[in-house]
Amino acid sequence: MTLSDDALKGAIEHCAREPIQIPGSIQPQGFLLVVDEAASTVIQVSANVRDWLGLDPQALIGASLSSVFAEPERLLQRLDALPDEEQNPFHIGEVRFLPGSSAGQPMTMMVHRHDQVLIAEFEPAGDMSGAYGNVYPLMRGFISQMNVEESIEALCQRSVAEVKRITGFGRVKAYHFDADGNGLVSAEALDEDYESLLGLSFPASDVPAQARALYLANRIRVIENANYQPSPLVPGNNPMTGAPLDLTFATLRSVSPVHLQYMRNMQTLASMSISIVVRGQLWGLISCHHATPRRVTFQSRTACELLGSVLSLQIESKEAHAANQRMLSLRRQIVQMLAAMADLDSVTGGLRTMPEVLLGFVGATGAAVISGASVDVYGETPEREQIVKLADWLSGRDPHEVFRSDNISRDIPELPLLASSVSGVLATAISELHSNFIIWFRPEQTRVVNWAGKPEKSVSPSGSLSPRNSFALWEETVRGFSRPWDDMDCEAVIELRAAVLGIVLRKAEEMAALADELKKSNKELEAFSYSVSHDLRAPLRHIAGYAELLSDIEGSKLSDRGVRFLENISESARFAGTLVDNLLSFSQMGRSAMRFSDVDLNAMVESIRREMLPDYESRTLEWKVSQPLPVVIADAAFLHLAMRNLLSNAIKYTRNENPAVIEVGSYEEDGKVVVYIRDNGVGFDMAYAGKLFGVFQRLHRMEEFEGTGIGLASVRRIIERHDGTVWAHSQLGHGATFYFALPKRG
Amino acid sequence: MLKPILLVEDNPNDLELTLVALERSQLANEVIVLRDGAEALDYLLRRNHHHDRVAGNPAVMLLDLKLPKVDGLEVLKVIRETEELRSIPVVMLTSSREEPDLNRAYSLGVNAYVVKPVEFKEFVSAISDLGVFWAVLNEPPPGSLRLARRPGS
């Protein structure tokens, strides 16, 4: 029978709605009395008191406890001593009934208070001394063998063996629920004629939600015979509430007919389940099966329940220990990365120095660090283009949340190409302002799940769920998933993110402080320029003025030497004046706002050539200017100044060449326009190349080549203000080439 | 009778060199020298020391930007705000073209400015140009022409 998904879903929901805590009946391996404690009378009974006590149910209803039990005072004392907070059935020992066919026979009595009444369950008494003799040494052995090194699997294995020994069930298995609620059998102990289920997965729908809730509340559940005839409660409702009696904690609670069918389909007529509860969640179950009906004594149940609790605590502590160890190692790796970032004062730079830590700490096979336009990749990653698209997609999300997916074709359908190279993505933003991310990748991991039977249930004509008939191995291959990122991975990433943001924030503060300081020193520089312009220029002007007046008025009376001295005075004063002027305009270059526009370099070179014609018209100078030079986006006035400085240098330093050759050309490199000016002049020693662009750095003597030592410093400042770079190559006596590179602007 | 040329300059060296420059430009106007902004205002407004001077405005006023007591800009401001003085052509003298106050001078309605060049010859020619322009041609409405003369241009 093929099922539509809807029908199946409906049936599962229907199954999950079945009110299994109020079945209105019990299993018949014992019987039940409901007591109104205030009135000290029986108010509800299970119909099988007829079988167990030979009494009509109606005969018991309304009966006082003292008319039902021998030694009623002792019983009442025991009831008074019951712990209030305990909801699970409490063994209060053996009692004897006064009326009926079993009068005087010892019966084991378990009571619990729930649903406003006292629920008392009775079973034939077992051999208590035997129980203590057997169960206690078993448990002591079990607990004493526990140690820190034992793995959870080994612990489970020992537990199932122990449970098997205590109960004698033919197959005892432990399974652990995954995040989706599917249970994987991880340990098993079985008799020869039982089929092994080890390694098989049971689908989540095998244990519906309300059954899980019951497993959490009541840690042990026994079905002694799947073919039992349930014994109804009389009257049907709890007289105190007027509603069906809540049997959540009752040992004898009757179970769902679907579950009984499931058991019969599995060829198991008796079963017992012990809950493994870790951190308040149903972690797994120890599940016992037997092919034939099987009695589980109260003593065995108690021992198993205790074992389940110890096992739960052990798993919890082992998991916590493992988590601590893992967190410790994660923190150590985070600290390593942070140290590197702090060392280099750069997040991306720091990560570059330790790719293995970046990948290893969350167990990724690839990672990408996106900061502005730069994308650093490590290990196995998707194509750069896909990474950039992923970063775009991520920037549409809440930047405070870590993104994790173990199946991106399911979670990011917008980027189908991404899934062709990876399946798992873990990502975090590392900036509050910009779309900067660290992204980790995991590859697809094809996984084979061995289901215990094809995980499909069939739906009966009435629309209720009927369990599958076959539990034979059914292999499913799961594709498109990576190994999932666990909570610890996410937590580590959140910690890394917080730390990185801290670094970035601190850096921003430092930058702001630096900017303030720069602003201040800029102001000081401005004030300085201002005073230079006034205070330094005026005396120079006076020296030049008076020297000239002296030469005009008294020149005839001076000796030739005197005249020459006067000329030197004027010349020096003029030079100093030029120096001051150049220095001022140099300082202004750093302050003025840039006005970008299209600049035609051919036109610019041509106009500078014309402008400087007086400097070289008497010489043989050959110009080789590439046609066309590019049109660049720059501040026209500033670039003109830089170009004029470079060309005027080329003209100056080729003064002694015949013919002088000056070449201007350009090329593109790494998205930049590089312009070069080559001459065949005196050149310079590359040993001094580092000084070339500094203020007041001169590589020639004044009498060889005049100059203030500010020209190339201005060139550098101008180009750098365009976010460009300058450099030069030369060989002494063989000319020089000056380059500047400007970024291409949109 | 030609109107005088008013020169307001505090630095004695600059004063002497400017006077030589004016002398060389061979203008017939009398040059009246004032040594700070306060004195310049006294003269213009005929008060204190200058209360008894002959009435009438100068042909042109050469005004240094930086002056003791009351600086050039303040003097200029008073001139432009005073009805009787408003038409006086004012040429601002400055030490550098990097001077941030030049923009202020423009907005206050200066007629021209001269950057005092290091080269004395240039200074002489700049001063004579301006002197001739303003002292001889004299009467243009204030603000109608802004002549900037830079060294070497």
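Predicted model: local features only at pLDDT ≥ 70, side-chain atom pairs only at ≥ 80, totals over all residues.
Residues are numbered from 1 along each chain as its sequence is written, and chains are lettered from A in the order in which they are written. Local features need pLDDT of at least 70 and side-chain atom pairs count only at pLDDT 80 or more, while totals for chains, interfaces and linings use all residues.

Chain A contains 20 helices and 31 strands (DSSP runs, numbered from the N terminus: H or I of at least four residues for helices, E of at least two for strands). Of the 746 residues in chain A, 36% are buried, that is, 20 or more other C-beta atoms, placed from the backbone, lie within 10 Å of the residue's own.

Helix α20 of chain A spans residues 711-721, and nine of its eleven residues are buried. Among them are A:L712, A:V715 and A:I719, together with the charged residues A:R716 and A:R717. The buried residues of α20(A) pack against α16, α19 (636-653), β30 (725-730) and β31 (736-743) of chain A. A:D723, which follows α20(A), has a positive phi near 60°.

The contact between the chains takes 17 residues from chain A and 15 residues from chain B, two residues being in contact if their C-beta atoms, placed from the backbone, lie within 7 Å. On the side of chain A that touches chain B, the elements giving two or more residues are α15 (487-554) and α16 (560-589). The most come from α15(A), with twelve residues. By class, this side has six nonpolar, seven polar and four charged residues; Ala, Val, Leu, Ile, Met, Phe, Trp, Tyr, Cys and Pro count as nonpolar, Asp, Glu, Lys and Arg as charged, and the others, Gly among them, as polar.

How values were computed. Buried ≥ 20, exposed ≤ 12 C-beta atoms within 10 Å, placed from the backbone.
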